[in-house]
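This report goes through one protein chain, from its overall make-up to single residues. The sequence and structure come first.

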Amino acid sequence: MFYRLIKIKCDEWILSSLNMGRMNNKLFIIGILCLLQLFNALSAQTYEEWVQKSCDCIDKEDWVAAEEALKNAMREEPGNPANFALLCNLGTVQRRQGKKEEAVLSYTAALARHPRSLAILENRASLYTELGENDKAINDYNALLIVEPDDQEALYCRGLLFLAKKQYAAAEADFDKILSLNEKSVRARLGYAILEKARGNYEESERIYNYLIGEMPRDWILYEGRADLYFLMGKNSRAMADLNKLFVETTPTASLYILRSKVKIALYEKAGALKDLEKAKEMGYDPAIVEELERMCK
């Protein structure tokens, strides 16, 4: 703002000098040059300085300032070959602000410059997953796995997406591939637990969850998965035991409140279920699902 004011004052001074004839032509030109040099020295920031500023802002989690700094850097040097990385960072900064559609555009622009970047493909794929655009997410994971066929994280994520589409054979193939790369993979075994639950093989899914929890008793995502399984099996007291542990040990999510409300409804604790549903609604859970469960409490 300070630099902008200087520029405005310079413009006013030059115009008034012209109108009032206070300077001869030579002095006038010298005056302009001096003022412009002063303004440029005060206001100019290089590409590198904007990039550094964006990094500083990201470290401070000042996402708004980081976004502006990244955009300024690319305005300074639009043809810089490193801009694909800045576009990737821009997408992530926008994503942190909840600007998901803008983030997609930034990641897409980054991929146009560097189409085989694993990091950018992974970022856009996970964002598409958040947006519920599963086919687009799968396409990005496909592209990533062409470049790096043994990327276990990508195989796991794609497997979960296949599960969501009920393409169980494709999901199983991805989990099998992970186990062929790492026979001790927790992710692959968790994938199988979810797969067997989706297929209705509840006893096998329970066996896998019990094994994983025995190996990693503080991996809380396992308890949530097992609680959901127990609910499907009608073992609601066991489901509530897992949920109670989660509510003590973690910060509950909206989906966790929804799951607990379902268990409470099954246990005829409808007043408690309504409180959980109200909390889930406050946290932004799908209102249609909340309303459907609320009707079950009447």
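The sections below treat the fold as a whole, then salt bridges, surface charge, and a few individual residues.

## Overall make-up

The model is predicted. The protein has 17 helices and 0 strands. It is built from 298 residues, of which 38% count as buried.

Among the contacts with a separation of 6 or more, 42% are accounted for by residues 24 or more positions apart.

The whole structure holds 22 salt bridges. In one of them, the side chains of Lys 100 and Glu 130 meet, with 3.3 Å from N to O. This pair links distant parts of the chain: Lys 100 belongs to helix H6 (residues 100-113) and Glu 130 to helix H7 (residues 118-130), 30 residues apart.

How exposed are the two partners? Lys 100 counts as partly exposed, because its relative accessibility is 30%. Glu 130 is also placed in the partly exposed class, at 43% relative accessibility.

## The bridge from Lys 165 to Asp 135

Lys 165 and Asp 135 form another salt bridge, in which the closest N and O atoms are 2.7 Å apart. Lys 165 sits in the loop between helix H9 (152-164) and helix H10 (168-181), while Asp 135 is in helix H8 (residues 134-147), so the pair ties together parts that are 30 residues apart in sequence.

Lys 165 has a relative accessibility of 32% and therefore counts as partly exposed. For Asp 135 the value is 46%, which means that this residue counts as partly exposed too.

## A buried pair and a network

Asp 276 and Lys 264 meet through their side chains in a salt bridge of 3.2 Å, N to O. The two residues are 12 apart and link distant parts of the chain, with Asp 276 in helix H16 (residues 270-282) and Lys 264 in helix H15 (residues 254-266).

Elsewhere, salt bridges that share partners join Glu 67, Lys 71 and Lys 99 into one network.

## Negative charge on the surface

Which residues make up the patch of negative charge on the surface? Glu 48, Glu 49, Glu 76 and Glu 77 gather there.

One of these, Glu 76, lies in helix H4 (residues 63-76). Its relative accessibility is 45%, so Glu 76 counts as partly exposed.

## Glu 294 in helix H17

Glu 294 is part of helix H17 (residues 287-295). Why does Glu 294 count as buried? Its relative accessible area is 18%, and the cut-off for a buried residue is under 20%.

Apart from its neighbours within four places in sequence, Glu 294 is in contact with Leu 274, Leu 277, Glu 278 and Lys 281.

## Positive phi in two loop residues

Glu 61 has a positive phi, near 60°, in a residue other than glycine. Glu 61 is placed in the loop between helix H3 (47-59) and H4. Its relative accessibility of 54% means that Glu 61 counts as exposed.

Tyr 268 is not a glycine, yet its phi is positive, at about 65°. The loop between H15 and H16 holds Tyr 268. With a relative accessible area of 70%, Tyr 268 is exposed.

Tyr 202 is found in helix H12 (residues 202-215). At 24% relative accessibility, Tyr 202 is counted as partly exposed.

What does Tyr 202 contact, leaving aside its neighbours within four places in sequence? The residues in contact with Tyr 202 are Glu 196, Lys 197, Leu 229, Leu 232 and Met 233. The C-alpha atoms of Tyr 202 and Tyr 230 are separated by 8.6 Å, and the two residues are 28 apart along the chain.

Terms used
Residues are numbered from 1 along each chain as its sequence is written. This is a predicted model: local features need pLDDT of at least 70, side-chain atom pairs count only at pLDDT 80 or more; totals for chains, interfaces and linings use all residues. Side-chain values use heavy atoms; hydrogens and water are left out. Patches are made of residues with over 30% relative accessible area and no salt bridge: like charges are joined within 9 Å, nonpolar side chains (Val, Leu, Ile, Met, Phe, Trp, Tyr) within 5 Å. Accessible areas come from the Shrake-Rupley method with a 1.4 Å probe; for residues, only the protein chains shown count as cover. A salt bridge is a side-chain nitrogen of Lys or Arg within 4 Å of a carboxyl oxygen of Asp or Glu. Lys and Arg count as positive and Asp and Glu as negative; His and the chain ends are not counted. The place of a charge is taken as NZ of Lys, CZ of Arg, CG of Asp or CD of Glu. Helices (H or I, at least four residues) and strands (E, at least two) are DSSP runs, numbered from the N terminus. Buried means under 20% relative accessible area, exposed over 50%, partly exposed in between (1.4 Å probe, protein chains only). Contact means heavy atoms within 4.5 Å.
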